[in-house]
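Dear colleague,

I am passing on the structure below, together with some notes on what was found in it. Please read the notes with the coordinates open beside them.

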Amino acid sequence: MLPLPDLLRALDSGELAPSEHVDDVLSRLGSDTTNCVVALDADRARERAAELTALSAAGRRLGPLHGVAVGIKDLVDVTGLPTRCGSRLLADAAPATADAPVVTMLRAAGAVVVAKLHTHEFAYGPTGDVAATGAARNPHDPARITGGSSSGSAAAVAAGHLALAVGTDTGASVRTPAALCGVAGLKPRRGAIPGERVFPLAESFDTVGLLAADAASLAVARTALGEPGASAAAVLPRIGVADDDWWRPHDPVIADAVRAVADALTALGAPVAAQDTPGVAELAATYPVITGAEAYATHRRWFAERRDEYHPATAARLAPHAEAPAHLYVDARRELRRVGRALLDRLGASCDVLLCPTTRLRATPIGATEHDGVPVLPSMLQLTSPFNLLDRPVVALPVPVPGLPAGVQLVGITVGEDVLLGLARALERALR
């Protein structure tokens, strides 16, 4: 699959018709081996593509994504398709009666929704191997995880099926699968892309995001959704390289990737310096308390009446919150405010963008809870969740490394998505 800018050039020039593109995508998804698809919307996609092809023939374009096939994480409502959230509990869910706003926006931009994509059950996990439909499989090694919870979105892009997919991110769920599958991901600030009609995990942190092959594609998609996709700063932002023990990955290849990006940024002329992050461990410790309490509040009735229908791994994560006293949640929110404010003040005084790894490990075997003695779940979550807690925009970028993919995060401390995407595009060119 062409990256999104190249695909749009082919569609806009008439070299490729929307119907041809959508037929090709449906064929790819229909023969997929990564288990990234939970439902194809083939008939409606072909009908929509035919309408767009007729418009193209008449010299008209519906919008900036005219004719582009997109996939939607199965946490997000799409009219006429059930939202099953990767769970047996929703096996008999009725079709959605309306599109989520993000889907409405994509359709208005000319995109063609072709499929609902795999999610870790109820988005409550960063591995992507817990779902009623089985584990999603990494296109680089089908015996390994994709990361989660936007597992199908990352796998579909990495496998070359789609140029663009929608995901969600509560603590890791766009960025971790982007890193493990070798694609790019955007986690905006909360609400920057509307989150209505998206099944909640933790409303305090839930964010709708995007996955694509590279940052240039993310920038095009972001512009299509109404925000400036990328901008070149008049002066390159100050880069802080997260330097505390907290940020050290277990896999040395990931550490090498961070150093390569820091060196590339230096070569581009950006001021780069080591950055301490005091209080980050205390900040991160609030995440499972807050997320767990909010997730349990959503699932409380189902969990009491239908616990056996949850995957055992999901049930095990929900169970401790059934009897947790309310003060733990309140204490965690107070700690988040206290530590988060101090950390942001410290960071903003010395850097505009924080550079850090996305995960501590690369893709691990499906079903593994440990890898070389290292617990898998926290390794896929701990380096991403602080930026949901702090509500910072993040671009997750793949870095060329030998073997399985690795990724880094560019976190906007004083700058927004547009500067991050502009910086990421410059980095992509420098790393080639």
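The notes below take up the sheet, the cores and the cysteines in turn.

This is a predicted model, in which local features need pLDDT of at least 70 and side-chain atom pairs count only at pLDDT 80 or more, while totals for chains, interfaces and linings use all residues. Residues are numbered from 1 along each chain as its sequence is written, and side-chain values use heavy atoms, with hydrogens and water left out.

The sheet is open and has 11 strands in the order β1-β3-β2-β4-β6-β5-β12-β13-β9-β7-β8, with mixed pairing; strands and helices are DSSP runs numbered from the N terminus (E, at least two residues, for strands; H or I, at least four, for helices), and two strands pair if DSSP finds at least two bridges between them. Because β1 and β8 (272–275) each have a single partner strand, they stand at the edges, and one side of each is left without a neighbour in the sheet. From one strand to the next the twist averages 25°, where axes are lines fitted to C-alpha atoms, for helices over the stretch in contact, and angles run from 0 to 180 degrees between N-to-C directions.

Strand β3 (residues 112–117) is mostly covered, with 6 of its 6 residues buried, buried meaning under 20% relative accessible area with a 1.4 Å probe and protein chains only, against over 50% for exposed and partly exposed in between. It is joined by 3 bridges to strand β1 (residues 37–40), the two running antiparallel, and Lys-116 in β3 is the bridge partner of Ala-39. With strand β2 (residues 69–73), β3 pairs in the parallel sense over 5 bridges, and here Ala-115 in β3 is the bridge partner of Gly-71. A right-handed β-α-β unit is made by β2, helix α4 (residues 101–108) and β3; right-handed means that, with the strands pointing away from the viewer, the path from the first strand over the helix to the second runs clockwise. Elsewhere in the sheet, strand β4 (residues 164–169) and strand β6 (residues 207–212) run antiparallel and are joined by 6 bridges, with Gly-167 standing opposite Gly-209 in β6.

As for the interior, a nonpolar core is taken as a set of buried Ala, Val, Leu, Ile, Met, Phe, Trp, Tyr and Cys residues joined through side-chain atoms within 4.5 Å. The largest such core has 73 residues, of which Leu-65, Leu-106 and Leu-355 touch the most other members, and helix α14 (residues 417–431) gives the most to this core, with 7 residues. Apart from it lies another core, of 28 residues, among them Val-25, Leu-29, Ala-154 and Ala-178. Leaving aside neighbours within four places in sequence, Leu-355 is in contact (heavy atoms within 4.5 Å) with residues including Ile-239, Val-258, Leu-265 and Leu-410. Helix α14 lies across β5 (184–187), β7 (239–242), β9 (353–357), β12 (394–399) and β13 (406–412), and runs at about 10° to β12.

Finally, the count of disulfides (pairs of cysteine sulfur atoms within 2.5 Å) comes to 0. Cys-36 is in no disulfide, the nearest cysteine sulfur being that of Cys-181, 9.8 Å away. Cys-36 is buried at a relative accessible area of 0%, and Cys-181 is buried at 1%. Cys-181 has its place in helix α6 (residues 175–181), and, not counting residues up to four places away in sequence, Cys-181 touches residues including Asn-138, His-140, Ala-154 and Pro-405.

With kind regards
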